[in-house]
Amino acid sequence: MPPDPAALADDLSHAAALLDRGRPGMGYAARFLAGVARDAHDEALHAAARALSRDVSAVAALSRARGLLEARLATMDML
């Protein structure tokens, strides 16, 4: 069953806000994002979130997750 678009957009926006808060909550943000991506069947975003959860200080993992989140949110804005 595909996720509700409004709920998915809300969850992705929340995940982006969590990532923007920085290091103290990065582990939670990565796990939250992984759950959202898994439920949305978004393999690329799920892989990026898992990579970030393995190493929350990895700049490349954070950059990849943020980039994918921005792309997903931009796509949802067009709906």
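**Figure 1. Packing of helices α1 and α4.** The crossing of α1 and α4 is left-handed, a term used when the near helix is turned anticlockwise from the far one by less than a right angle, the clockwise case being right-handed. The model shown is predicted, so local features need pLDDT of at least 70 and side-chain atom pairs count only at pLDDT 80 or more, while totals for chains, interfaces and linings use all residues. Residues are numbered from 1 along each chain as its sequence is written, and side-chain values use heavy atoms, with hydrogens and water left out. Helices (H or I, at least four residues) and strands (E, at least two) are DSSP runs, numbered from the N terminus. Two packed helices are described by the angle between their axes and the distance between the axes. For α1 and α4, the angle is about 145 degrees and the axes are 10 Å apart; axes are lines fitted to C-alpha atoms, for helices over the stretch in contact, and angles run from 0 to 180 degrees between N-to-C directions.

**Figure 2. Residues at the contact of α1 with α4.** From α1, the residues Pro5, Leu8, Ala9, Leu12, Ser13, Ala15, Ala16, Leu19 and Asp20 meet Leu62, Ala65, Arg66, Leu69, Arg72, Leu73 and Met76 of α4, where contact means heavy atoms within 4.5 Å. Sorted by class, this contact has 12 nonpolar, one polar and three charged residues. In this classification, Ala, Val, Leu, Ile, Met, Phe, Trp, Tyr, Cys and Pro are nonpolar, Asp, Glu, Lys and Arg are charged, and the others, Gly among them, are polar. Ala74 is also found in helix α4 and counts as partly exposed at 42% relative accessibility; buried means under 20% relative accessible area, exposed over 50%, and partly exposed in between (1.4 Å probe, protein chains only).

Figure 3. Side chains of opposite charge can pair when their charged atoms come close. A salt bridge is defined here as a side-chain nitrogen of Lys or Arg within 4 Å of a carboxyl oxygen of Asp or Glu, and the count by this rule comes to three. In one of these, the closest N and O atoms of Arg66 and Asp20 are 3.5 Å apart. Because Arg66 lies in helix α4 (residues 59–77) and Asp20 in helix α1 (residues 5–21), the pair ties together parts that are 46 residues apart in sequence. Arg66 is partly exposed, at 28% relative accessibility, whereas Asp20 is exposed, at 57%.

Figure 4. Asp39 and Arg38 meet through their side chains in a salt bridge of 3.7 Å, N to O. Asp39 is exposed, with a relative accessible area of 51%. Asp42 and Arg72 form another salt bridge, with an N to O distance of 2.6 Å. Asp42 lies in the loop between α2 (26–39) and α3 (43–54) and Arg72 in helix α4, so this pair ties together parts that are 30 residues apart in sequence. Asp42 is buried at 15% relative accessibility, and Arg72 is partly exposed at 23%. Not counting residues up to four places away in sequence, Asp42 touches Ala37 and Arg72.

Figure 5. His41 lies in the loop between α2 and α3 and is exposed, at 58% relative accessibility. Although His41 is not a glycine, its phi is positive, about 60 degrees. His46, in contrast, lies in helix α3 and is buried, with a relative accessible area of 15%. Leaving aside residues up to four places away in sequence, His46 touches Ala34, Ala37 and Arg38.

**Figure 6. The largest nonpolar core.** A nonpolar core is a set of buried Ala, Val, Leu, Ile, Met, Phe, Trp, Tyr and Cys residues joined through side-chain atoms within 4.5 Å. The largest such core has 24 residues, of which Leu12, Leu19, Leu33, Leu45, Leu52, Ala65 and Leu69 touch the most other members. The elements giving two or more residues to this core are α1, α2, α3 and α4. With residues up to four places away in sequence not counted, Leu52 touches Leu19, Met26, Ala30, Ala58, Ala61, Leu62 and Ala65.
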